[in-house]
Each structure stands twice: as structure tokens, then as C-alpha cells.
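This report describes selected features of a protein model. Please consult the sequence and structure shown below while reading.

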Amino acid sequence: MLRNRGRLRMGLIRRIVDTRTVACPLAAALLSLSGGAEALDSSTIDWQLHGFASQGFTYTTSNQVFGASRGGSLDFTEIGVNGSVRLLPNLLFSAQGLFRNAGGSDREDFRLDFAQVDYNGTFLDSALTLGLRAGRVKIPFGLYNDTRDVVWTRPSVILPQSVYYDTLGLRQAMISADGGLLYSRYNWGDHRFNLEFMVAEPQDDTGDATGFLTGRLDASGRMEGRPLFLGRAVYEWMGGRARAMFSVVDLDRDFNSGAPGLESGKIQALYPLFSLQYNAERWSLTAEYGWVNTRRSGFGDVPVETTSEGFYVQGEYRLSEDWSAVLRYDVFHADRDDRSGRSLARRNNQPRHRFYARDLAVGLRWEFVSNWMVAAEYHNVDGTAWLSPHDNSDLLKGGGDPHWDLFSLMVSFRF
């Protein structure tokens with residue numbers, strides 16, 4: 001980590017806030033709201049620079065995850081640099097650039113992961129905080145979505161795929177969006193209440209998001225329509241010892257086909273998610289449950305509506321300061337009214353295992369020296385619902401093994 005703290009002189013502040021030199025006019029507007037540049041004369045600048053580099057190894061007994069994993073794959077790399085500048089005590093700029101390779105599940109390579117400005121004010125003797133974030137804003141959804149970019153802040157190398165769709169190529173579309181977010185925090189004794197509301201243009205042209213929404217792999221075209229609406233309400237007790245959370249995403253998008261023979265259409269999706277977590281001194285217990293109601297119209301003679309569901313239960317145990325273990329059971333059903341997959345299999349002429357996945361995972365992580373960590377985990381999986389067709393072309397031909405094992409190892413360094 002690189003960090004600096006120093007005083008910013010008035011002339012420099014004026015150059016920074018001048019709208020002729022600031023790329024984002026919103027930043028200048030926010031500074032003017034803080035009482036004008038004169039109020040900044042005695043402010044200080046804090047800046048920090050962090051980074052991480054993680055390399056994974058994936059092996060599967062059958063099927064493929066993050067590349068050609070049946071023979072062992074090194075196609076899981078995450079390298080990022082992030083920085084922040086605090087121009088005022090309540091004004092923060094932050095951004096992260098990322099290189100990520102995850103076989104057929106992530107082919108974006110270099111990308112601007114997020115770049116946001118955060119301005120807030122406190123009221124009621126600092127018990128209440130109201131704030132605004134704008135730019136490419138991290139999406140607050142569930143317990144892990146806004147911290148999933150670093151293996152250090154994930155409970156495992158591979159997040160529960162019933163809720164966080166990494167292998168389906170949705171990581172980039174889920175982690176950030178271009179728009180604004182209003183948030184509030186209220187502290188009352190041992191209790192804290194958070195509310196967040198976001199309006200943003202989703203990155204649904206990245207990864208496999210367009211194919212996921214339209215139901216057509218490699219759909220060529222453009223997504224347009226209303227921005228996504230997202231809300232998250234959080235209750236915390238005793239500084240996070242217990243947390244209860246409700247998140248919801250509302251999406252209404254139009255797909256304009258760019259290929260002959262491929263219909264244009266409309267996609268409406270609602271994704272509510274309930275989250276609970278309890279953190280004791282040495283262990284944590286976590287559970288999340290959600291469903292995605294999707295309605296597609298214009299792609300055929302009649303609209304098609306389905307509701308998938310996903311949930312998991314997870315326990316973590318901190319064996320020592322450097323060692324921790326995780327045990328998780330993770331379930332996904334493509335249709336919660338057809339959990340066996342029989343009806344979907346008949347309708348789509350596909351094997352049943354394409355429409356569910358039940359994953360029992362156990363893992364260990366060890367921070368063997370300062371800023372270095374190695375994590376290993378084993379998954380026993382029944383079903384193939386969250387496998388990437390780009391890594392498993394045989395799935396589209398009715399292939400795939402319904403019962404398979406996955407071993408994942410990741411070494412990571414951070415500064």
C-alpha cells in the first residue's frame with residue numbers, strides 16, 4: 001500500500017476544481033456544494049494506492065471451469081490496481097483498473113472496474129449520514145457483490161454460483177454500473193440501519209450478459225432501455241456481529257438484434273435476495289436466498305416467463321490468525337417450479353442436469369507471510385446449470401457429466 005497525506009494549497013485546489021480542467025463536472029458541483037473553494041483552504045489530501053495479483057489453478061474430473069480444466073487450467077488470473085484521493089473529509093474519489101482472465105467465463109481482459117466519486121454529509125450529531133456516489137459505481141447487492149473483486153475479501157476462491165454468477169460470464173455486468181447511488185446510514189446504540197438506492201446504465205453488453213438475458217448464446221445486438229433500479233436495506237447489530245439484508249434489482253431492457261434471423265425483444269427481470277450473517281469471534285454463519293423472475297417477449301410467438309432460484313448455507317471457522325476454513329452447500333434451480341429439471345429438459349431437448357446444480361464445497365486458506373495468501377477448495381457438484389457453454393461446447397449437444405468434482409487453488413499477493 002502506498003499512502004500520502006499532505007496539505008493542499010488554495011491555488012492547486014482551484015486548478016483541481018476548475019470545470020475547465022476537471023473531467024467530471026459533477027465533481028466541481030459537489031465541491032461547490034461544500035461551501036466553495038475558499039472552504040478548502042485548510043483541507044488535507046489523503047491518497048492511497050493498493051494492488052493485488054492472484055493466480056489460480058483449476059482441475060475438474062469432468063466438465064470444464066475457467067478454461068480446459070480437465071487437464072488442469074491456469075486460466076484464472078486477477079490483477080488489479082486501485083487508488084483513492086480524499087480531497088475533503090467527506091469527498092472521496094476512487095477507481096480500480098483490472099485485468100482478469102477466467103477462461104470462457106471472462107474474456108474482457110483489461111477493464112475499468114469502477115471509478116466513482118463519493119460525497120456525504122452528517123446530521124443529528126453525526127448519527128445520520130446521507131451521501132451520493134456517481135460514476136462507474138460498485139453495485140451493492142447481497143453480502144459479497146461489492147467486495148467480490150479481490151480473493152482476500154471473498155470467503156472462497158469461487159463464490160456461491162447460485163447467487164453470484166461468475167462462471168456464467170456475468171461478473172462484470174454485476175459488479176458495477178454507470179450512474180448514481182444515494183445512501184444513508186443511521187446509528188442508534190448497537191444498531192445500524194443502511195439504505196441504498198441506485199439508478200444506472202447496466203454493463204449488459206459485457207461478458208455473456210446479453211446471452212444470459214436473451215436466452216441466446218452469443219446473441220449479436222445492442223441492449224437499450226430503462227436504466228436498472230437497485231435497492232438494498234441493511235440492519236447491523238453490534239458493529240456487524242449480526243447482519244440482515246434485503247437487496248433487489250429491477251431490470252427492463254430492449255434487445256435490438258444485429259444479426260439476420262435473430263429476433264429483437266424485451267427482457268424484464270426482477271431479482272430479490274435475502275441475506276443473513278452472524279459473526280462470532282472464531283466462526284461465521286451465512287445464508288442467502290434469492291430468485292430471478294424473467295419475462296422475455298418478442299423472441300417467439302408468445303412471451304416466456306420463468307423463475308429461477310438460488311440459495312446457500314455457509315460456515316467459516318478461523319483456526320488461527322493465519323488459517324481459516326469454509327464449508328458450504330450451494331443450490332441453483334433454473335425453474336423453482338421444476339426443481340428436478342424434467343419439464344425444462346423435455347421442452348428444450350436437453351438433459352435434466354442442465355437445469356440444476358448442487359455444490360458441496362470445503363476449503364482452507366493460509367496467509368503464510370504478510371500480504372501473501374494461498375486458498376484451496378474442493379467442490380462435489382451434482383448438475384451443470386452454472387457451467388459456461390464457452391468452456392463446455394458439448395453441453396449444447398446434450399453432453400456434460402452430471403456428477404463431477406472441482407479442485408481450485410489460488411495464490412495471491414497484495415500491497
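The model is predicted: local features need pLDDT of at least 70, side-chain atom pairs count only at pLDDT 80 or more, and totals for chains, interfaces and linings use all residues. Residues are numbered from 1 along each chain as its sequence is written, and side-chain values use heavy atoms, with hydrogens and water left out.

**Strand pairing**

Helices (H or I, at least four residues) and strands (E, at least two) are DSSP runs, numbered from the N terminus; two strands pair if DSSP finds at least two bridges between them. Strand β7 (residues 176–188) pairs with β6 (residues 128–138) in the antiparallel sense over eleven bridges, and Leu-130 stands opposite Ser-184 of β7. Strand β7 also runs antiparallel to β8 (residues 191–202), to which twelve bridges join it. Here Gly-180 stands opposite Val-199 in β8. The β7 and β8 hairpin has two residues between the strands, and Gly-189 takes a positive phi near 60 degrees.

**Cavities**

A cavity is a set of points on a 1 Å grid over the protein atoms alone where a 1.4 Å probe fits but cannot get out; lining residues have an atom within 4 Å of a point. Grid points are joined across faces, edges and corners, and a volume is the space filled by probe spheres set on the points. Five cavities of 30 Å³ or more are found in the whole structure. Elements supplying at least two lining residues each include α3 (171–175), α4 (209–214) and β11 (242–257).

**Aromatic and charged contacts**

Rings of Phe, Tyr and Trp (its six-membered ring) pair if their centres lie within 6.5 Å; planes under 30 degrees apart count as stacked, over 60 as edge-to-face and the rest as tilted. By this rule there are 20 aromatic pairs. Two of the tilted pairs are tabulated.

| Pair | Centre to centre | Angle between planes |
|---|---|---|
| Trp-366 and Phe-368 | 5.6 Å | 55 degrees |
| Trp-372 and Phe-413 | 4.9 Å | 40 degrees |

Trp-372 lies in β17 (residues 372–383) and Phe-413 in β18 (residues 403–414), so their pair ties together parts that are 41 residues apart in sequence. Ring pairs also link Phe-141, Tyr-165, Phe-212, Tyr-271 and Phe-332 into a cluster.

A charge sits over a ring if NZ of Lys or CZ of Arg is within 6 Å of the ring centre and within 35 degrees of the ring normal. The charged end of Arg-414 sits over the ring of Trp-152, 3.9 Å from its centre.

Notes: On a 1 Å grid over the protein atoms alone, a cavity is a set of points where a 1.4 Å probe fits but cannot get out, and a pocket is an open set with protein on both sides within 12 Å along at least five of seven lines; lining residues have an atom within 4 Å of a point.
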